[in-house]
Amino acid sequence: MDQVLIFERHPRKGGASDYTGGLSIAQDCQSGRKLLLDNNFQMILIHLEERDDEAVRFASFVREIPRYYLTPLLFLARNKNYEKWAFHDIHCYDYLIEPVRNRDLIKIIYPIYAKMAQMDHQRQISFYINGSTHVFNIDDVMYLSTQNRQVVVHTTRGNLDVPYLRLNHFSLRYRDNFIRCHRSVVVNRAYVKCVDYTRGKVELPGVTVEMGRYYHETMHRVFDGT
């Protein structure tokens, strides 16, 4: 399976599209969206031309997909016109001004993927359900909630009902990555976009979950440093 997706509307000889191994190429939003949804890329590289509304729309679409909320995204641009937007709105990994040599791109892309691949086995969560073990990467799990006396694991690809799982045990075991914000909700810290203490809400990509008053102090300490 490919690990890096390159979005380049007009591929050029000697450009990033000439790399071999582990890459997929998209030249428009339609093909790019299909590749995103059918795969789980470790990094996304986007070429930005002078006035490139298509690439801008594609980058925005990437961040709307929960599984790519944290994926490193690299821009190769003709100028700095989109730089502020890329860092502030898209939270890109880097923004490079062309011309960029292939070997310089390789130095950026492959060490990132190699590091992520090396850490994958250390960032796995296993859930035992009806005699089967289901393994997820920590970054695939957005939050957990209790419903009808069992835990529902909300992942970037769907939900999973897990019997006999206790939220307090889970939140303690994975406290470096998850935090309990309600007696029936544990969230992945990396996915928290906003904590509303007045309304008692925690905003995640595409969903808002409840926050209990009892957990305000812990949430303040973790997300506000107070």
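The largest nonpolar core of this predicted model has 26 residues, and those with the most contacts inside it are Leu 36, Ile 44, Ile 46, Phe 58 and Phe 75. A nonpolar core here is a set of buried Ala, Val, Leu, Ile, Met, Phe, Trp, Tyr and Cys residues joined through side-chain atoms within 4.5 Å; buried means under 20% relative accessible area with a 1.4 Å probe, protein chains only. Helices (H or I, at least four residues) and strands (E, at least two) are DSSP runs numbered from the N terminus.

A second, separate core of 16 residues includes Val 141, Leu 160, Tyr 174 and Phe 178.

Let's stay with helix 2 for a moment. Its buried residues are Glu 54, Ala 55, Val 56, Phe 58, Ala 59, Phe 61, Val 62 and Arg 63, and their cover includes strand 1, helix 1, strand 3, strand 4 and helix 3.

Leu 36, beyond its neighbours within four places in sequence, is in contact (heavy atoms within 4.5 Å) with residues including Leu 5, Ile 44, Phe 58, Phe 61 and Val 62.

Across the protein chain, 46% of the 226 residues count as buried, and there are 6 helices and 15 strands.

Residues are numbered from 1 along each chain as its sequence is written. In this predicted model, local features need pLDDT of at least 70 and side-chain atom pairs count only at pLDDT 80 or more, while totals for chains, interfaces and linings use all residues, and side-chain values use heavy atoms, leaving out hydrogens and water.

How values were computed:
Buried means under 20% relative accessible area, exposed over 50%, partly exposed in between (1.4 Å probe, protein chains only).
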